[in-house]
Amino acid sequence: MANDRGLVLAACATVLFAATVLAALVGYSGSVTQEGLRRTLAKASPESAGTRLSGPVPPGGVAATQAKVDRALREIYREVPVTAPVAIRSDTFTLPGQEKKERPELTAFAAYSGIARHARLVSGRWPGRGAALEAVLPADAARAMRVSPGASLTLRGRIDRAQVVQVTVVGLFQVNAADDALWQGDRLVTTGLERGDYTTRGPLVVPIETFAAKFTGSGVQARWSVMPDLRGLSADGMVDLGRRVRGGGEVFEKSGPGFAAVTRLPELTEQLNGAVLVSRSTMLIPVLQLVMLAGYALVLVARLLADHRRQEIALLRMRGAAMLQLTGLTLAEGLFIVLPGALLAPLLAGPLLRALGWAPAVEAAGLRLDAGPLLPLFGISVAAALASAAVLTVPTLRGAGRSLVVTRTRRGASWTDAVLLIVAALALWQLSRYGGAPTTGAIDPVIVSGPAIALLAGGVLLLRLVPITSAAVERVASRGRGFAVSMGARQVSRSSIRHAGPALLLVMAMAVGVLSVTTMATWRQSQLDQADFRAGADLRLTVPDGGHAPSPMGRAGRLAALPDVTGVVGVRRQDATLGDLSVGLLAADVRALAGTLRVRPDLAAALRRADLASNRSPAPGGTFPGRPESLQFDVRATPEGQLKDDLQLDVTLADGRGLLYRVPLPAVKPDGRTRTVTLNAADLAGPGGVISYPLSVRGLHHSPDHPPAGRVKADLLGARGTGTGEAPLPQAARSAAPPSGKKTQPAVPGIVTRELADRSLVKVGGTVTLGTADGEQPVRIVAVVPALPSADPGRPALLVDLPDLAQRRLAAGSATADGLVPDEWWASARGDRAVRELASRPDLARVASDRAALRRELRDAPLGAALQGALVLGFAAALAFAVIAFVVSSAVAARERAREFAVLRALGVRGRQISGMLAVEQTFLVGLGLVGGLALGLLVARLVVGHIVLTVQAGAPYPPADLVVPWTILLAVFAAVAAVFGLLLAVLTRALRRRVAGEGTDR
């Protein structure tokens, strides 16, 4: 072994480096996967991870029912921490002064555990548990009931009229978020108002203990909002929890009849389990590339070692050494070579990962890289070492009985190439059909190995071009006078097999680098595209219910005045149905969206917003000049018979953005006289609101909340702005027509998703009719797109023009009071000052989506950072293997060609010419490897990268990932690798020149 010190050291270094990187990657994969799972579970929402539980509470049984629920939750969730606040509401009570009415306004008592964490006091204090009954009231309900802190109310039960309750209101509150899981969509507590057969205001919130003592006499229904803390779960623990929650219905049945649980946690655990599997499988891609490159580098060194020992082995055979003895000796040498790798690799994996933690992507993601327990790493390193020992042993034993070099025949090589091509094509075909998380519980190994197999197949095919290319170079070089160039080209042409190994490794290393760079760039751009599509705009703002905030008409101007905001667009998001299919209906001003929409240009063009805008119904006019401080309307109400009560009318106004708002007018007497009623602009805008001028009058209507007791004819005779002039009345606004009563709305043009078009079996030009809260809505399809911005790509959805929809419904007399008021605002913003201001003004709007924050979240997600880190480490390893193989091959080739150099010296060739010849040979191989690797990497990237770039939850991305080739970075990598090998060539050439000189040649 002493005579082969260089080869032995190369083999030892290869094994040590391969085992270390392999152990680091395996530990890295587990660490990153667990960290990604932890972060995802920590961000799980109550809608996805929580459980809505409801059940009956018998008279006086609040404590006993709570104890049953606690036992059931412990049985289901076990060691997982759980919070389960309860909400209980009593039977209704009649408000004071309403006792004699046929349909009196009502209120109810309620209790919410931990309400102080979910709501804030506007005035007063939270109720106590003393003898006197104290309660707090939503601020919106208090304004409508004309109640302030300190007021005492005497309430009588609506069902049990003998039940009389005296309660003191000690405070007013406002909920922090209407979509908080504690409220479970209860509009009574979030808005202070609930309309049904009766109008209910409230609720009067009391402590849980007070409610249990005073308001469960006839039994009530309680609701629990169960939310587990999933941050400490492992992947296996998550799956087990999903199974237990799925079977939770049987557990709650033991608590008594009437309990019902609704949860999506089992679906979440299944989705995340698939995401974990895909994440681990994705991490196998660089691992397999590493194994392939390390294995080939080791095979190359082993062959060089076997060739170098062939005479020694033949001599041992001639002296009677048995094959078994040679096997034992060779295996012992192999085990000795791999021993440092087996022992040191697990210890070096941790420092290597800590060094990798300084990578920009990993550092930005905040990942805590840990190789994990040493025992599994030792298992990996020992397995890698044993496999390496076998690789080092086999070539020597195969050559033990041969005295000459035996090479594989061209036919055998052709068959091998053909098989490799077929396997690569099959892997790429399967990869092209891949769409995210697996459905079989396992990943196809052919798919995972697809990039590695494609790289190997492409590298082998490129090597077949070496003889052809070198022959062409030789013909060109032979025309010149330079000895080094012509002889070097000739040597490469005649000895291409000798150079195949190092050239293939260099091709593969460069291709891995190109694949890594393009994958990272494509991943990053894909996450940004996904964030843009999910957000739709720089900011998506949702409108809170109630509160001291601008009115709907004043909200647009107020939001547009936020710092850094350059424009806002009102959007109405509504759920619709098509048979049993749930459909998302998105209504927005498609003309105004042009300056607000933030999606990829090709996706924006596919929306064909111009087609919707061109079909918009013309506005009827009726515009008030200037910016009036108040609006005056001349109204005449003529009854057909006797009417005692005043008449309540509504007027529809359009603001400067084309949005329609239905506003109640002051009540008028139905006596046939013309009366002037006034609307103050400040009242229309609401507290702090800003109206978007100019305003227009579009229609006059009977109030749906206060319909007339008899037939009455209402006319709008004139409208004007105070100090600005008359507004010409459109014909449709001159009289209040009775409600249409039609259940079918007028048809509007719309853009539908492919999912909806396929489900409805309707193409462009056809009509699909959806069920909405306002009746059936026909939509004439003008375009079909894969998905709509801000909508779930997998859910059927459609987009219509909001001003057009509102005007068509208004013209048909079918618009409702609040059916078309925007409940969401899309804003374009240049900075984050608007987000900071809204954080202190939750009553103004809530940030439902922040594009910049979402971009950072997806860009720095653990899965993306993990893949980028692994690719960087894999490329560094590939480059190291190529360098080792190149140095060893060059040194061995120079030693084996000593006789050839001696002959050349005898023929008068100088040492400088010989070293120049060697430099030409190596330069040709390096150039071929770099250029070939660049071409191969780009080809494989084109075929592979789009299919391995996933979402942060390991699903198929939308928009689909487009390959991004960062030419600047690629050229920098190319130049860096060329510089490394250029420096290496200089060092090798200098060493060979000294060696030739040391053999007695002249300098």
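Rings of Phe, Tyr and Trp (its six-membered ring) are taken to pair if their centres lie within 6.5 Å; planes under 30 degrees apart count as stacked, over 60 as edge-to-face and the rest as tilted. The structure is a predicted model, in which local features need pLDDT of at least 70 and side-chain atom pairs count only at pLDDT 80 or more, while totals for chains, interfaces and linings use all residues. Residues are numbered from 1 along each chain as its sequence is written, and side-chain values use heavy atoms, with hydrogens and water left out.

A search of the whole structure finds 10 aromatic pairs. In one of them, the ring centres of Phe109 and Phe215 are 4.3 Å apart and the planes meet at 20°, so this pair is stacked. Phe109 belongs to strand β4 (residues 106–112) and Phe215 to the loop between α6 (208–214) and β12 (220–228), so the pair ties together parts that are 106 residues apart in sequence. Helices (H or I, at least four residues) and strands (E, at least two) are DSSP runs, numbered from the N terminus. Phe109 is buried (under 20% relative accessible area, against over 50% for exposed and partly exposed in between; 1.4 Å probe, protein chains only), with a value of 0%. Phe215 is also buried, at a relative accessible area of 5%. Tyr112 and Trp183 form an edge-to-face pair, with 5.2 Å from centre to centre and 80° between the planes. Tyr112 lies in strand β4 and Trp183 in the loop between β8 (164–175) and α5 (187–191), 71 residues apart; both residues are buried. One aromatic cluster is made up of Phe93, Phe109, Phe211 and Phe215.

Strand β28 (residues 824–829) has 6 of its 6 residues buried, so the strand is largely enclosed by the rest of the structure. In a regular strand the side chains alternate between the two faces of the sheet. Both faces of β28 are covered, with Glu824, Trp826 and Ser828 buried on one side and Trp825, Ala827 and Ala829 buried on the other. Strands are said to pair if DSSP finds at least two bridges between them. Strand β14 (residues 539–542) runs antiparallel to β28 and is joined to it by 4 bridges, Thr542 having Glu824 as its bridge partner. Strand β15 (residues 565–578) is likewise antiparallel to β28, with 6 bridges, and Val569 stands opposite Trp826.

A further open sheet consists of 3 strands in the order β19-β18-β21, with antiparallel pairing. At its edges stand β19 (660–664) and β21 (696–702), each with a single partner strand, so one side of each is left without a neighbour in the sheet. Strand β18 (residues 649–654) pairs with β21 over 6 bridges in the antiparallel sense, and the bridge partner of Ala654 in β21 is Ser696.

Among the helices, α19 (residues 552–560) has 7 of its 9 residues buried, so this helix is largely enclosed by the rest of the structure. The buried residues are Met553, Gly554, Arg555, Ala556, Gly557, Arg558 and Leu559. Helices α3 (residues 62–77) and α7 (residues 235–246) pack at an angle of about 140°, with their axes 8 Å apart. Axes are lines fitted to C-alpha atoms, for helices over the stretch in contact, and angles run from 0 to 180 degrees between N-to-C directions. The two helices are therefore oblique to each other, given that angles under 35 degrees count as roughly parallel, over 145 as roughly antiparallel, 65 to 115 as roughly perpendicular and the rest as oblique. Glu75, Ile76 and Tyr77 in α3 meet Leu241, Arg244 and Val245 in α7, where contact means heavy atoms within 4.5 Å.
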